[in-house]
Amino acid sequence: MRRDRSGKLATLFFLLLLPVTAIHATEAAAQAPARPKIGLVLGGGGAKGAAHIGVLRVLDQMHIPVDCVAGTSMGALVGATFASGVPPAEIERRVLAVDWTRTVGTAGARDQAPINRKLQGSTYTNSLEFGIKRGSIRAPGGVFKSQEIEELLRNLVAGARYVDDFDSLPIPFRAVATDMMAGEMVVLGGGDLTVAMRASMAVPGAFSPVVIGERVLADGGQMRNVPVDIGRELCGDVIIAVSMSSPAPRPEDLDSALALAARSLDVMIEANGRDQLATLTDKDVSIVVPMGDIGSASFERVPDAIPLGHAAALSKSVELARYALPEAEYKAWRASLTRDYQQPIRVAGVRITGLERVNPEYVRTGVIATRPGKEVSLGAIARDSGRIYALGDFQKVEYSVVDTPVYPTVEFRATEKSWGPDFLKFDLGLGFTAGGDFSFALLGEHTRTWLNPYGGQWRNTVQVGQELLLRTSLYQPLEIRQRFFVEPYLEFDRNIEGVYDDGNKIGEFSFWRGFGQIDLGFNVGRVAQLRAGLRQGWAGADLQTGDSAALAEVSTTHESSLVLQATYDTRDVVGLPSQGGLLTARYQSSGAWLNGDQSYQQAEGLVLKVFPFSGDVLHVFAAGGSELSGTLPPYDLYAIGGISSFPGLERQQLRGTSYWISGTSYYRKLGDIQRLFGQAIYGGLRLTAGDVAGRIDGVDDGAILGVALSLSGRTPVGPFLVSLGSTNNGFWELQFAFGRPIREGSILDAIR
């Protein structure tokens with residue numbers, strides 16, 4: 001009984017003490033210093049900004065929380081991804097998985113293009129496209145495409161892009177851009193997160209600006225490359241500022257107008273960055289990453305940049321350790337950031353918006369995976385977006401999921417090329433040999449797109465040089481998917497070609513042809529096209545120089561022909577492809593049955609297969625053509641010889657009624673010019689064998705064997721090829737070609 005009474009007294013005493021204990025605990029908590037809010041500021045620097053990922057890894061390893069993030073350019077890319085809740089290790093994994101040759105470069109672009117566009121530009125040596133607007137020629141807003149970059153941004157932040165208020169992200173975030181109209185800094189704190197990221201990194205001239213409302217936004221580095229003040233305003237009691245440093249240029253590096261212009265932008269960016277870093281206090285931490293020879297455009301060196309950031313952050317570990325949390329507390333903070341933005345969605349509908357000229361039903365042909373009633377991932381939607389962009393009519397294609405969560409509708413917003421619908425392309429080709437043969441080709445092409453809902457195009461081509469070409473055509477698809485088409489056209493071409501007698505040039509002829517033709521065709525996916533056409537016109541051959549008895553002049557001849565053509569093309573590029581193949585064949589029947597003056601048939605074909613080997617390339621090819629019946633007129637004889645068809649022989653040295661040729665070329669990569677754009681220098685060895693029958697000079701050499709050494713490459717201004725070749729019948733030739741291929745007179749012209 002006494003023990004029970006004692007227990008009750010103890011319990012009563014404890015309850016009386018509780019308020020006093022609580023008061024003392026509250027006072028102790030009030031006296032404990034609150035954790036300072038840490039603002040992370042990530043500066044710009046293009047590819048160098050991948051070093052930010054290394055810094056984030058150190059912050060994570062040291063258990064340092066971040067309460068807000070402000071970023072510029074590449075700092076905005078990394079910062080927004082981190083702020084959306086993605087752990088540093090996952091950011092590194094995603095960035096290292098990026099194929100920068102596709103994202104920033106041009107790899108894969110030709111693979112996705114419709115076969116009609118692929119063949120239309122099959123001999124262009126550059127990707128420059130201009131437009132005609134209000135009577136003046138206009139260029140695109142940026143030299144480089146941004147579609148793949150925008151897709152990268154969408155992949156990095158996933159569904160976080162639908163958080164309209166950046167304060168509602170797991171970590172509050174701000175991106176800095178420049179208003180190019182007002183010349184002012186713009187701080188982006190809401191809207192589509194990927195649009196803010198893209199605006200912050202839109203380097204003027206390189207990438208097209210981002211238009212938001214009445215603002216034209218570009219790279220934020222022009223105004224605030226290291227936005228310390230923005231981070232402090234957002235939340236930062238303490239600022240951790242990360243910036244990049246590169247060695248100062250040498251005087252000899254600034255000896256051109258282009259180099260000085262580029263350096264002037266660097267000077268401006270570096271100056272505003274220094275001003276911001278100067279505002280840091282003793283409690284802040286400045287992490288400056290020395291980048292060595294990694295440049296802003298060195299995206300292929302992103303894996304090298306990440307460790308540099310890691311090392312620079314570790315060098316500041318003593319200063320950073322002041323803000324580290326206990327492990328359990330940090331893990332709880334890290335867990336609070338987790339969001340699942342990758343869940344697939346069940347699509348209720350698909351919407352196509354933003355179109356003015358392009359038929360939306362045609363655009364829907366690129367939407368394959370995103371179907372109403374189906375559950376699709378964001379990755380599948382992204383691939384559909386890429387297919388729409390590959391149609392070739394748009395400067396960008398965006399997508400979003402709207403009307404969520406009850407009725408999720410996928411909206412594809414396609415922005416048509418602002419410099420269209422009239423487009424201009426230009427091309428240049430040069431060629432010469434040690435034997436004194438010089439030739440050139442200068443081409444201009446105009447295309448008017450979307451003449452009607454089926455996507456009709458008016459095409460006009462003018463080329464001057466060794467080949468004069470005038471052509472106008474109307475390419476008219478016959479249904480929405482643009483598989484079947486009709487193309488009537490008018491063409492006049494004249495070629496100045498040499499005539500040889502046993503290797504000695506004895507004269508030059510002008511072969512000319514003017515005709516009208518109408519083709520009916522079928523596009524087979526993205527890789528093949530079939531055509532059948534009827535031709536009516538006139539042709540002839542006129543002696544220009546010399547006195548050639550081997551080839552007589554031909555007076556004007558009325559030509560009527562049936563022309564069949566098939567092409568299968570999977571090459572990644574035309575000039576010096578590194579993968580894929582080409583199969584093309586042509587048949588022509590001319591005769592009185594079509595009311596022509598001459599009756600003959602001919603056929604010609606080519607197969608090329610490209611094998612990549614760790615940067616090196618092997619080409620294997622075979623081609624042949626023959627007179628099937630009748631007598632080929634001089635302007636339809638086959639010509640072999642030249643840097644494309646048979647190195648070691650002069651251009652068009654062998655001319656006859658039939659031929660066969662096969663060979664292989666091995667290209668050893670000697671070095672990269674711009675790896676991102678597949679531009680490199682190759683040393684090559686080519687082995688060739690062939691024979692021309694029915695030669696106009698009456699000579700029968702039998703099979704001719706040839707070997708050639710070459711130096712070639714794809715450069716920013718076009719492909720080039722230097723070749724030194726010889727043959728077993730005593731001929732040798734040093735030849736050079738640049739840009740657009742110079743016609744040699746056989747189907748082998750399609751190889752380059």
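Reader: Are F509 and F511 buried or exposed?
Author: This is a predicted model, and the cut-off for a buried residue is a relative accessible area under 20%. In the model F509 and F511 fall on one side of that cut-off: both are buried.

Reader: How many aromatic pairs does the structure hold?
Author: Rings of Phe, Tyr and Trp pair if their centres lie within 6.5 Å. By that rule, the number of aromatic pairs is 12.

Reader: The rings of F432 and F736 form a pair; is it stacked, edge-to-face or tilted?
Author: A pair of aromatic rings is described by the distance of the centres and the angle of the planes. For F432 and F736 the centres are 5.2 Å apart and the planes stand at 35°. Stacked needs an angle under 30 degrees and edge-to-face one over 60, so the pair of F432 and F736 is tilted.

Reader: How many residues apart in sequence are the parts that F432 and F736 tie together?
Author: F432 belongs to strand β16 (residues 422–433), and F736 to strand β33 (residues 732–739). The pair therefore ties together parts whose separation in sequence is 304 residues.

Reader: What is the arrangement of the rings of F509 and F511?
Author: Their centres are 5.9 Å apart, with the planes at 20°. Planes under 30 degrees apart count as stacked, so this pair is stacked.

Reader: Over the face of which residue does R459 lie?
Author: A charge counts as sitting over a ring with CZ of Arg within 6 Å of the ring centre and within 35 degrees of the ring normal. R459 is at 4.4 Å from the ring centre, and the residue is Y475.

Reader: R94 and E90 meet in a salt bridge; how far are they separated along helix α4?
Author: The N to O distance of this salt bridge is 2.9 Å. R94 is buried at 15% relative accessible area, whereas E90 is partly exposed at 22%. The two are 4 residues apart in helix α4 (residues 88–96), so their separation is about one helical turn.

Reader: Are R695 and D697 buried or exposed?
Author: The two residues form a salt bridge, with the closest N and O atoms 2.9 Å apart. R695 has a relative accessible area of 10% and D697 one of 17%. With the cut-off at under 20%, R695 is buried and D697 is buried.

Reader: The side chain of R110 reaches a backbone oxygen; of which residue?
Author: R110 lies in helix α6 (residues 109–112) and is buried, with a relative accessible area of 13%. The side chain reaches this oxygen at 2.9 Å, and the residue is R571.

Notes:
Residues numbered from 1 in each chain as written. Predicted model: local features only at pLDDT ≥ 70, side-chain atom pairs only at ≥ 80, totals over all residues. Heavy atoms only, no water. Buried < 20%, exposed > 50% of the residue type's maximum accessible area, 1.4 Å probe, protein only. Polar contact = N/O pair within 3.5 Å; in protein donor to acceptor, adjacent residues only side chain to side chain. Phe/Tyr/Trp six-rings, centres within 6.5 Å; stacked < 30°, edge-to-face > 60°. Salt bridge = Lys/Arg side-chain N within 4 Å of Asp/Glu carboxyl O.
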